[in-house]
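This report describes one structure, with attention to its confidence, its sheet, its nonpolar cores and its aromatic pairs. Please have the sequence and the model at hand while reading.

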Amino acid sequence: MTGNHKDRSITRRRALAVTGGTVAAGGLAVAGYQAAFADTATTTAEEATTASASASESSGCMTLMASVTEGPYYLDGALVRKDITEGKSGVPLTLRLTVVDATDGCTPVKGAAVEIWHCDAWGYYSGYTTANPGGSAPAESEDGSTADDDTYLRGYQIAGANGVVKFETIFPGWYTPRTCHIHLKVHTGGQKEDGTYEGGKVNHTGQLFFDDTIAEEIFTLEPYSKHSGSYTTLDDDMVYDGGGASSGLLTLEAVHKKDPSKGYKGFLTVAVDPDAENTGAGSGGGGGTPPGDAPSGAPSGSPSASASS
């Protein structure tokens, strides 16, 4: 798609979070929907048991998505928080993910820490705000928000008894040569400490993807429309392998069917092996290696000093 966009403004610069990758299990749409849209604050042990039983009926749970690179924009030390926007403008996205154990009948993984990170509406990542997203876009500093340049659109959530985590964010933009996506990592064995997640290990690193039709419609809206150029579709992306939910493709539900600017709910069941370890760093995982996953002109080393501290 070639984006020829309009005009308007956005908002910027506050403070908080970081990091991410993904695992998905195919054939879990029904169980994933039920568990993912349960309210984590009111979920009972009975609901968790029901979700587990429903999930275990699906043989697809045992097929894990291949790990992919974490990309060049991972930062270690994201905050544990539900809302990661920090005032960044964009179409609202409520992301609900259900983490299950693929080696134990798809039972919910209580205590799993899900970490996500993604670019803003113009294709910029926190910590790397001068990297060129490709095409034509305003400088990241022109967005007018109060977001912290080192932490926006990054964060952790820790799963309760039903294995569900929820994030409030915005629909990601895009950058050359990638399709619209969110990075994700699933951690186990660590704990929350001083507002961040410490210890444990990374069980899976992956990415979440969006239907082309929905993404292209959103990119005609403000502030996305200020970024023009050639958008990479799912079929042409270097990481997405066409496997649907088992490859990280989110199920999306519009908040208001006739007005996409009102936002979307996205959900997916993420099946992991709690004994496995895959950080997605370096060239492992097959799915593109840095800087192939990076916007043109992206730094190949570390972020700014404040971001890495």
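Two strands count as paired if DSSP finds at least two bridges between them. By that criterion β7 and β8 are paired, since twelve bridges join them in an antiparallel arrangement.

## Model and confidence

The model is a predicted one, and the protein chain has an average pLDDT of 78, with 70% of the residues scoring at least 70. Two stretches remain under 50 in pLDDT: residues 1-59, for which the model has 208 contacts beyond four places in sequence, and residues 283-293, for which the model has 30 such contacts. Where pLDDT is low, the predicted coordinates should not be read in detail.

## The four-stranded sheet

An open sheet is built from four strands in the order β5-β4-β7-β8, and the pairing is antiparallel. The edge positions are taken by β5 (154-158) and β8 (196-209), each of which has a single partner strand, so one side of each is left without a neighbour in the sheet. From one strand to the next, the twist averages 25°.

The β7 and β8 strands form a hairpin with two residues between them, and in the turn Asp194 has a positive phi of about 55°. Within this pairing, Lys192 stands opposite Tyr197 of β8, while Gln191 has Glu198, also in β8, as its bridge partner. Although β8 stands at an edge of the sheet, the strand is mostly covered, with ten of its 14 residues buried.

## Nonpolar cores

The largest nonpolar core comprises 40 residues, and those with the most contacts inside it are Leu97, Phe171 and Phe219. At least two residues of this core come from each of β2 (92-101), β4 (113-117), β6 (164-170), β7 (181-193), α3 (212-218) and β11 (264-272). A second, separate core has 14 residues, including Tyr74, Leu75, Ala113 and Tyr125. In soluble globular proteins, nonpolar side chains tend to be buried together.

## Aromatic pairs

Across the whole structure, a search finds twelve aromatic pairs. One of them is the stacked pair of Tyr73 and Tyr125, with 4.6 Å from centre to centre and 15° between the planes. This pair links distant parts of the chain, as Tyr73 lies in the loop between α2 (45-56) and β2 and Tyr125 in the loop between β4 and β5, 52 residues apart. Tyr73 is buried because its relative accessible area of 2% falls under the 20% cut-off, and Tyr125, at 2% relative accessibility, likewise counts as buried.

The rings of Phe171 and Phe219 have centres 6.4 Å apart and planes at 80°, so this pair is edge-to-face. Because Phe171 lies in the loop between β6 and β7 and Phe219 in the loop between α3 and β9 (229-230), the pair ties together parts that are 48 residues apart in sequence. With a relative accessibility of 0%, Phe171 counts as buried, as does Phe219 at 1%. Both residues also belong to a cluster in which ring pairs link Phe171, Trp174, Phe210, Phe219, Tyr224, Tyr231 and Tyr264.

Methods:
Residues are numbered from 1 along each chain as its sequence is written. Side-chain values use heavy atoms; hydrogens and water are left out. A nonpolar core is a set of buried Ala, Val, Leu, Ile, Met, Phe, Trp, Tyr and Cys residues joined through side-chain atoms within 4.5 Å. Buried means under 20% relative accessible area, exposed over 50%, partly exposed in between (1.4 Å probe, protein chains only). pLDDT is the predictor's confidence in each residue, from 0 to 100. Contact means heavy atoms within 4.5 Å. Axes are lines fitted to C-alpha atoms, for helices over the stretch in contact, and angles run from 0 to 180 degrees between N-to-C directions. Rings of Phe, Tyr and Trp (its six-membered ring) pair if their centres lie within 6.5 Å; planes under 30 degrees apart count as stacked, over 60 as edge-to-face and the rest as tilted.
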